[in-house]
Amino acid sequence: SAWTVTLQVQALRLLARALRLAGRADDALALDRQAERVLQDFQRLLLPDGVLAGYAVFEGDGRIRYLLHPRDDRTGVRYSALAMIHAILEDLLTPPQARAHLRLLETELSGPDGVRLFDQPLPYHGGTERLFQRAETATFFGREIGLMYMHAHLRFAAALAHVGEAEHFVRALCQANPIGIEKLVPSATLRQANCYYSSSDAAFADRYQASAEYQRIARGTIGLDGGWRVYSSGAGIALGLIMRQFIGIGRVATGLRIDPVMPSALDGLSAQLTLLERSFQLRYRVGAAGCGVRGIALNGAPLAFEREPNAHRVGAALVAREAVQERLAPGQNTLAIDIG
């Protein structure tokens, strides 16, 4: 699974970072080297023809069979969203590879309501699973079976922010927001607009109709119902994206991480929030790029910052906690952020 290989690299890198902060540099270096070897295998084995496969099956004779990939001759599914999204988020793809896969996500895996898990439904067999649990035997075309799973869509939004596609990022956030959804998604039904839903289910009568008429979703000729109601982390992921990627403020071990991503049409935006147990008004100057901090001032005084690495765009600004605390006022504080 390309996704679980990505999670392995993520875990190794995070543990290495923690060990380095704890002063265990030798242990951290060993994990970094292991993560690099896994990354090399990822690039060598899981990207045939430049397209990330959902799965690779290693046969006994040394051949590799790819599933959820244009070479897949068994399922009929050519593209898998989660593998692509997480590989972008964790920098397992080079910038050109990431851009190419974002285009695939938009052209092959997106519907009017957001990104979809696969480019088409898996075949419906009923009875005993032949390859995948649930996906090929569930009779009801909903939840993940219906392919529009909001968790995956929100991770897609995070990937757009990571590479700095501000316009597309904010649009993806709006697709997850039920307020006014019918203006953005004309085929959304009333059920899509009365709650945050964790899935968007095309109103097909059964799996047979869904398989035969799946392209109606993209054409907007079938209604889209809110399916899976609020549960677990769904709305929390959305809120986290609004705070850490859109508003662009997050706390890290050393202080503040500041990295707003928003279109230039929102130049002049202001927001009020509580941060470090103080009241803050945030004021934004937004240039054409819509991301990349150029300057920060707290209560009129410029703040020095370091730059977080980002292979795809100008990285986040990291401000030391001491620099912020020195300039805090007891009442209202104003944080001016210049991006783009």
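Author: **What lines the largest pocket**

H1 is the top contributor to the lining of the largest pocket, giving 8 residues; helices here are DSSP runs of H or I with at least four residues, strands are runs of E with at least two, and both are numbered from the N terminus. Keep in mind that this is a predicted model: local features need pLDDT of at least 70, side-chain atom pairs count only at pLDDT 80 or more, and totals for chains, interfaces and linings use all residues. Residues are numbered from 1 along each chain as its sequence is written, and side-chain values use heavy atoms, with hydrogens and water left out.

Back to the pocket. About 1,700 Å³ of space lies in it, the volume being what probe spheres set on the grid points fill, with points joined across faces, edges and corners. 43 residues line the largest pocket, and Leu-14, Arg-17, Glu-90, Arg-257 and Glu-308 are the closest to its centre. A pocket is an open set of points on a 1 Å grid over the protein atoms alone, where a 1.4 Å probe fits, with protein on both sides within 12 Å along at least five of seven lines; lining residues have an atom within 4 Å of a point.

By class, the lining has 18 nonpolar, 10 polar and 15 charged residues; Ala, Val, Leu, Ile, Met, Phe, Trp, Tyr, Cys and Pro count as nonpolar, Asp, Glu, Lys and Arg as charged, and the others, Gly among them, as polar.
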